[in-house]
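Visitor: Could you take me closely through one part of this model, and then show me how a few other places in it can be read in a similar way?

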Amino acid sequence: MGRALMVLGTSSGAGKSLLVTALCRIFSNLGYDVVPFKSQNMSLNSAPSIEGGEISRAQYLQAIACRKRPLVKFNPILLKPEGNMRSQVVFMGKPIGSVSARDYMLSRKEELFRKAMEVLDGLKEEHDLVIIEGAGSPVEINLRDYDIANTRVMLHARAKGILVTDIDRGGSFASIVGTMELLNEREREAIIGFVFNKFRGDASLLRPGFEYLERRYGKPTLGVIPYVEHRLPEEDSLAEFPKVKGELHIQIIKLPHISNFTDFEPLHWANGVDYVTKAEKIKGDVIIIPGSKNTVEDLLWLRENGFEDAILEAHREGSFVVGICGGFQMLGEKIADTVESKRGTVRGIGLLPAKTVFEKVKRTNHLRAEVLWGPAKGLAVEGYEIRFGRSTSARPFSVITAVNGVKTFEPEGAVGNRAFGTYLHGIFHNFAFTERFLNSLRAERGLEPVSIEGWSIEEEIERFARVVERHLDVERILRELGV
């Protein structure tokens, strides 16, 4: 039977996801057979598992850190918010229904928790180490009776726990003390120490606080992780939407149900992006409609709040318009949806020659494709799809050449006048494509071409893990785990 280590946080955004990612890589580098686990994740940033299911992007990243193929068992329960206090419930990679928060707490949670713990038990039997990620704070008094992602998991797995706090926000010592006081005796006993995350400064100045915590709880501070600039996706529940105007003004519309906004990180690093929340601000060189958990509802929101007219006006004045997944569907001529919004047939924005029909079976696949769009024509790219919609167009953006490694030939996306749409999440992580895309627009503006330095998730995980390892008492953690 393997051992389990759980990373709990004093709050959302404390850095649990990335600390788990770093620990997965550190232990993998030491030769352990390690896997990640999160019983329940609420996220609109998801990715395909190797089986064709859907898991949180955080557990997808952690699987890569473990040098494992991403499996649905690493994130058995995924909740995808739909608005109006409802979420789609994805269990073991497949949607099983849409429920209100209250109905989920009172009816489905216990059943799914038991099944998730069976999955966790299996992982412990099959691997040396399971690194478990908690969710939010483990001591929210109003939620404790319903919490299936924190200390109940830790106690079930007989896991050792690390409590991490974000010191960059301030109040870290108080948040640790408050969390420890609200844990019960068994839960406090399972905690082996504390980690202060995102620190800027001289860690020796924190020593009086460390000594206080050790006197009060008999637990050491296991590490002070410095604030690290990196290119790994953060926890999306508290993700900040940066407003950066580069030489090209790239605007991304912050939809009410925006999903997979990690698609645009390369644009932020290469140029800068501006997330827009008001129609009157629409005037960029590039306007992007991102993916959506509820495409038709977000399309109607665009229409009702003046965004559609603003996009069309900006396009007439020369803006280039891009749609990714749900954004692509919105830019087409019409959407027939009896699955997600159940609103039937709805008129699209009309900038792309495409028609979309929603089907009941969701496609969740890794893709390879060949681009047909002008400046990047013939370029091989990779990405993934998570969608109910099936779209047809006489002017496709690309041809899918492989689905999960199996050769195929399937047109996807659409190209219009100064516009394109695609189902390829991650298209901008293909740096050669992004370079051609940006330089085609820079040439129109009389700007010098840019060269985008490529990098890989593997490299970023390794670099981040090395920083964490230097500032964390890994040997003590291993002793506490008994390995």
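Guide: A residue counts as buried when its relative accessible area is under 20%, as exposed when that area is over 50%, and as partly exposed in between (with a 1.4 Å probe and protein chains only). The model is predicted, so local features need pLDDT of at least 70 and side-chain atom pairs count only at pLDDT 80 or more, while totals for chains, interfaces and linings use all residues. Residues are numbered from 1 along each chain as its sequence is written, and side-chain values use heavy atoms, with hydrogens and water left out.

Let us look closely at helix H13, residues 457-470; helices (H or I, at least four residues) and strands (E, at least two) are DSSP runs numbered from the N terminus. The 14 residues of H13 should span 20 Å at 1.5 Å a residue, and its end C-alpha atoms are 20 Å apart, which agrees (the expected span is 1.5 Å times one less than the number of residues). Buried in H13 are Glu460, Ile461, Glu462, Phe464, Ala465, Val467 and Val468, and these residues pack against H1, helix H2 (57-65) and strand S12 (221-226), where contact means heavy atoms within 4.5 Å.

The axes of H13 and helix H1 (residues 16-29) come within 8 Å and cross at roughly 90°; axes are lines fitted to C-alpha atoms, for helices over the stretch in contact, and angles run from 0 to 180 degrees between N-to-C directions. H1 is therefore roughly perpendicular to H13, a term for angles of 65 to 115 degrees, whereas under 35 is roughly parallel, over 145 roughly antiparallel and the rest oblique. On the H1 side the contact is made by Leu18, Leu19, Thr21, Ala22, Arg25, Ile26 and Asn29, and on the H13 side by Glu458, Ile461, Glu462, Phe464, Ala465, Val468 and Glu469. These residues divide into eight nonpolar, two polar and four charged (Ala, Val, Leu, Ile, Met, Phe, Trp, Tyr, Cys and Pro count as nonpolar, Asp, Glu, Lys and Arg as charged, and the others, Gly among them, as polar).

Two loop residues can be read with the cut-off for burial. Cys325, in the loop between strand S18 (320-324) and helix H11 (326-331), has a positive phi of about 55° although it is not a glycine, and at 6% relative accessibility Cys325 counts as buried. Asn260, in the loop between strand S14 (258-259) and helix H8 (265-270), has a positive phi near 50° and counts as buried at 3% relative accessibility.
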